[in-house]
Each structure stands twice: as structure tokens, then as C-alpha cells.
Amino acid sequence: MSNTVRIGVVGCGSVMQHAYSRQINLLKQRDLVETVVACDIKEERKALVTGPEYGYQRFTTDFEEVVTAADVDLVLVTTSMREHGMVARAALEAGKHVLVEKPMASTLEEAAALVELARTSKGFLIPAPHVLLSPTYQKMWRHLHNGDIGTPYLARAFYGWSGPNWGKWFYQPGGGSMFDLGVYNIVSLTGFLGPARRVSGLIGTAIQQRVVEGELMEVQTDDNVHLCIEFAHNCYAVVTTGFTIQRYRTPAIEIYGSKGTIQMLGDDWDPDGYELWQNDVGAWKVFPESDPNWPWTDGINHLVHCIRNGVRPLHDPAHAYHVIEIIEKARLVGKTGMAQTIESSFSPPNLSGEKTEDAAHLQHDPTN
Ligand SMILES: NC(=O)c1ccc[n+]([C@@H]2O[C@H](COP(=O)([O-])OP(=O)(O)OC[C@H]3O[C@@H](n4cnc5c(N)ncnc54)[C@H](O)[C@@H]3O)[C@@H](O)[C@H]2O)c1
């Protein structure tokens, strides 16, 4: 591999065009990456993605041509959700590095196969979301793990909006508000509090029909959720999420401990600083956002950095699997009304900033 990371992308819709490409173009300006081949089943994307704004050298409608291309090092998977597992798997099998949008796979079986493959594959696997990379998240993690709010007892996480009017797949099996939105909160909470043990709650469909891409369709997935998660030592969290929320003014994450409270302002994918209450201080400390331009697509910078420097990514596929199990079990809660046990686990991240090889993720400059 040359020092420049050669990118192939599968799925050239909204997120590829409006989000990841911004970071990729910045990396390109520094000669850190090359945009080699783009793929979409919609042939009409060709003119756009091979044009000057995106600059891919080739276009194909067959993702196999991307994952097997000899001149591709990194495959970015930004298709609709149901295709993620299949494309990510083929890319890992072909020895590529992979960044796959969330969810990593839409079934636990597919997710398990990816975790297994990632253990032995030549390439790294980075599953979105990338919330653990945000400087604000990492500062809050250190407060929590330094004992600044004591033992955590309760937590709340929040993210929602009125829902996309494109992509019918958002509302079909394999989609849903937990895979699209709640997933950020669940990654955040489990990153802070460790593996979940049990889930319960109220999970359902509030809006039975929607107009998507100009057509009326039946909604076949969750769009309205209060998910309760039990962690070790009877620490409980609730995630409120849905395609049923027009606007909100509430912190993304709140954690209540034996000596204080910490809360993230803004959203966990777009933090706006945080607030800390400590009983022995007796006042709220407000920490303004230190990195207002932090992009939620930062995983691409991180992966390029890891490839160029040969360091293991912060992202843990076993964590992504755990989150998918939580969501699958939450759907079962919605159907049966019964609490469900979570069987999987993962090693909680270490964001302490200690200068070990594994803490290389704390450096965000991919030129390093
Ligand atoms: N839209 C958002 O705000 C947002 C934010 C964060 C993450 N995401 C995630 O990003 C992914 C893409 O979302 P989007 O909003 O860009 O969707 P989109 O529908 O705009 O784009 C998906 C693209 O994938 C293409 N595609 C589907 N199957 C394919 C295949 N087999 N091979 C090649 N191309 C294929 C579609 O033709 C489409 O162009 C989703 O997984 C979503 O969860 C979306």
C-alpha cells in the first residue's frame, strides 16, 4: 500500500454526499487519501460522484468491483441499512479496511460474522457511530472514571426528530428509529457505563403511515421508544428516541451519581459542551464546547490515521454487536411486553488518555 489511503465507497446517497465527503475532501487536500471508485445501484449517481466535487476515478453499480479492486485500501459503506452487513463482510474478506455506517449489520447473525471476521482480517473494521471519538465525550468519560460524580446510579439519553422523508427502508424491517437514532445514545451509554444486562420499556409504532419519496407507505418498524437499560450494580438508564419528535431542548446524556451529576449538552453526535455538578463544589460548572467543528463523521479521519500509523482503532466491533443485541431485544420487549436479558458483552473503552499504543485514538490529527 502507498502512503495515501485509497478509498472506495459503496452507497452514494445523502450521507456520502453531504457528510463523509466533506472530511474526505479535507483529507484529499492534504494528499492523505485518494478517491478511487464509487458504487451505487442508481446509475444516475455516476455523473455527480465522478464530477469535480467528489472526484472518484471510476463508477460501478456492482459493489463487488469495489471490494475486490486491487487499488482500494479502505471501503466506506454508506448504503441503506440492510446492505451494510453483506458489503462490510465482502470487503473484510477481500482484506480491506472498512468503515460501515450504523448499524454495522441489521441482524445479530450478520453482526456476529463480522465480529469474528474482524478478529483475523487484515483490515480494520470501524462501525459507526463515532460518538466515542468526540473530545467532549472523552472529557466526560474521564470525569466519570475519575469518580467526579461518584457511583453512577441513573442515566438518561435523548435523540429524535420527525423522521426522514427519503429512504423507505428507514421504515421497513431492518430500519427503524433505534437503528437510526437511538443507536447513538446506546453506544454513548454503554461506552460510559459498560455492558448492559437487561432491557425493558415501551417500544412501538406511533405513526402507522408516512409519505416517503412522495408515496404513502405503511411503517413496519419502531418509531416511538422509551427504552430502559439495566447496567451492573442496579444502575438504570432510559433512552428516549423516535421519529416522533419535532423539536427538543434537553441534554443528550445525563448521568446521576452518588456525589454529583454530569450532562452533555447538544447531541451526542454533535455535542455542545457539558455541565458538571459536584456536591462538594456546590455549583454547576459549565464547560463550553471545546471543538465545535468536531464532525460526526470523524471515524473516517480516525480510520485513515490508524491505517497510516498501524494503530488499532478505538472502535470495537464487539461493542457494536452488543448495541445491536440491545436493539433486537428491545424490539422483542415491544412485541412481548417482557424484559429481556442481554447475553453479549464487550470490553469497555479506555479513554483515560494514558500514552499507550491503544490510546492513539486520542490524537485526532490524521497527519500524525
Ligand atoms: N441520513 C442521515 O442523516 C444519516 C446520518 C448518519 C448515518 N446515516 C446512515 O448512513 C446510511 C445511508 O443513509 P442515507 O441517508 O445516505 O441514505 P440514502 O438512501 O440517501 O443513500 C443510500 C444509498 O445507497 C444506495 N444503495 C443501496 N443498496 C446498494 C447496493 N447494494 N450497492 C450500492 N449502493 C446501494 C442507494 O441507491 C442510495 O443511493 C444509512 O445506513 C444511515 O443509517 C444516515
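How far is an oxygen atom of the ligand from an N or O atom in the side chain of His84? In this predicted model, the separation is 2.9 Å, and His84 is also among the residues that come nearest to the ligand, together with Ser14, Val15, Asp40 and Arg45, out of the 24 residues around it.

| Residue | Distance from a polar side-chain atom to a ligand oxygen atom |
|---|---|
| Arg45 | 2.8 Å |
| Trp169 | 3.3 Å |

On its own the ligand has 830 Å² of accessible area, of which the protein covers 88%. The ligand sits in the largest pocket, and because domain 1 (5-127) and domain 2 (131-292 + 315-362) both give residues to the shell around it, the ligand lies between the two domains. Helix H1 (14-29) and helix H7 (177-193) each supply at least two residues of that shell, whose members divide into 10 nonpolar, seven polar and seven charged.

Some backbone features deserve a separate note. A cis peptide bond, with omega about -10°, joins Lys102 and Pro103, and Pro103 lies in the loop between strand S5 (97-100) and helix H5 (108-120). Another cis peptide bond joins Ala128 and Pro129, with omega about 0°, where Pro129 belongs to the loop between strand S6 (125-127) and helix H6 (135-145). Asp31, a residue other than glycine, has a positive phi near 60°, and its place is in the loop between H1 and strand S2 (33-39).

Methods: Residues are numbered from 1 along each chain as its sequence is written. This is a predicted model: local features need pLDDT of at least 70, side-chain atom pairs count only at pLDDT 80 or more; totals for chains, interfaces and linings use all residues. Side-chain values use heavy atoms; hydrogens and water are left out. A residue is near a molecule or strand if one of its heavy atoms lies within 4 Å of it. A polar contact is a pair of N or O atoms within 3.5 Å; within protein, one must be able to donate a hydrogen and the other to accept it, and residues adjacent in sequence count only if both atoms are side-chain atoms. Accessible areas come from the Shrake-Rupley method with a 1.4 Å probe; for residues, only the protein chains shown count as cover. On a 1 Å grid over the protein atoms alone, a cavity is a set of points where a 1.4 Å probe fits but cannot get out, and a pocket is an open set with protein on both sides within 12 Å along at least five of seven lines; lining residues have an atom within 4 Å of a point. A molecule sits in a cavity or pocket if more than half of its atoms lie within 2 Å of its grid points. Helices (H or I, at least four residues) and strands (E, at least two) are DSSP runs, numbered from the N terminus. Ala, Val, Leu, Ile, Met, Phe, Trp, Tyr, Cys and Pro count as nonpolar, Asp, Glu, Lys and Arg as charged, and the others, Gly among them, as polar. Domain bounds come from an automatic or database domain assignment.
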